[in-house]
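Here is a short briefing on one protein chain. Keep the sequence and the 3D view side by side as you read.

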Amino acid sequence: MSKHTITRFAVGAAATTLALIPAIASAQVDLGLNYATAIGLGTQDVRTTVSNVIRAFMGLLGLVAVVIILYGGFKWMTSQGSDEKVTEAKKLIVAGVIGLIIILSAYAIAEFVVGAIINGTSGQ
């Protein structure tokens, strides 16, 4: 192929692309919800479903952190004044509180990111 043919092809491709940009930009986004109902799945948006899964997982992790804190408190109350058991209970409580702080921070970040994704892709 000569340089002239390649140039013509490039100019033609660019002109076609520029002519099709308005049609591509105004195209409706098909999220496949019609296919989901046809096979018996729910009609909820996938982004919302992912957000709900993240919320449930973070809730479960928060529950684990609270159980660790309660276990540390139980160990402290039943230590009968033993310094070793009190120290171990304090470590459990501190670890549970730190875990809870990390989980709450991760939840806040995840909610912000998922909310930004949903708002950014839904056109609102």
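Helix α3 covers residues 46–77, which is 32 residues. From its first C-alpha to its last, α3 reaches 47 Å, close to the 46 Å expected at 1.5 Å a residue. The model is predicted.

**Buried positions in α3**
- The buried residues of α3 are R47, S51, M58, G62, A65, G72 and K75.
- Helix α4, residues 83–122, is included in what covers them.
- An α-helix has 3.6 residues a turn, so residues three or four places apart point the same way.
- S51 is one of the buried residues of α3. Its relative accessible area is 5%, and the cut-off for buried is under 20%.
- What does S51 touch, leaving aside its neighbours within four places in sequence? S51 is in contact with E111 and V114.

**Salt bridges**
- How many salt bridges does a search of the whole structure find? The search finds two.
- One joins the side chains of R55 and E111, at 3.0 Å from N to O. This pair links distant parts of the chain, with R55 in helix α3 and E111 in helix α4, 56 residues apart.
- R55 is partly exposed, at 38% relative accessible area. E111 is also partly exposed, at 23%.
- Is K75 buried or exposed? K75 counts as buried, because its relative accessibility is 18% and the cut-off is under 20%.

**Nonpolar surface patch**
- L60, L63, V64, V67 and I68 form a nonpolar patch on the surface. Together they have about 420 Å² of accessible area.
- L63, one of the patch residues, is found in helix α3. L63 counts as exposed because its relative accessibility is 52% and the cut-off is over 50%.

**The loop between α3 and α4**
- Q80 sits in the loop between α3 and α4.
- Phi of Q80 is near 55°. That is a positive value in a residue other than glycine.
- Q80 counts as exposed, at 79% relative accessibility.

**The whole chain**
- The protein chain has four helices and zero strands. From the N terminus on, the order is α-α-α-α.
- What share of the 124 residues is buried? Buried residues make up 14%.
- Among contacts with a separation of 6 or more, 56% come from residues 24 or more positions apart.
- The accessible surface comes to about 9600 Å². Carbon and sulfur atoms account for 71% of that surface.

Technical notes. Residues are numbered from 1 along each chain as its sequence is written. This is a predicted model: local features need pLDDT of at least 70, side-chain atom pairs count only at pLDDT 80 or more; totals for chains, interfaces and linings use all residues. Side-chain values use heavy atoms; hydrogens and water are left out. Helices (H or I, at least four residues) and strands (E, at least two) are DSSP runs, numbered from the N terminus. The expected span of a helix is 1.5 Å times one less than its number of residues. Buried means under 20% relative accessible area, exposed over 50%, partly exposed in between (1.4 Å probe, protein chains only). Contact means heavy atoms within 4.5 Å. Accessible areas come from the Shrake-Rupley method with a 1.4 Å probe; for residues, only the protein chains shown count as cover. Patches are made of residues with over 30% relative accessible area and no salt bridge: like charges are joined within 9 Å, nonpolar side chains (Val, Leu, Ile, Met, Phe, Trp, Tyr) within 5 Å. A salt bridge is a side-chain nitrogen of Lys or Arg within 4 Å of a carboxyl oxygen of Asp or Glu.
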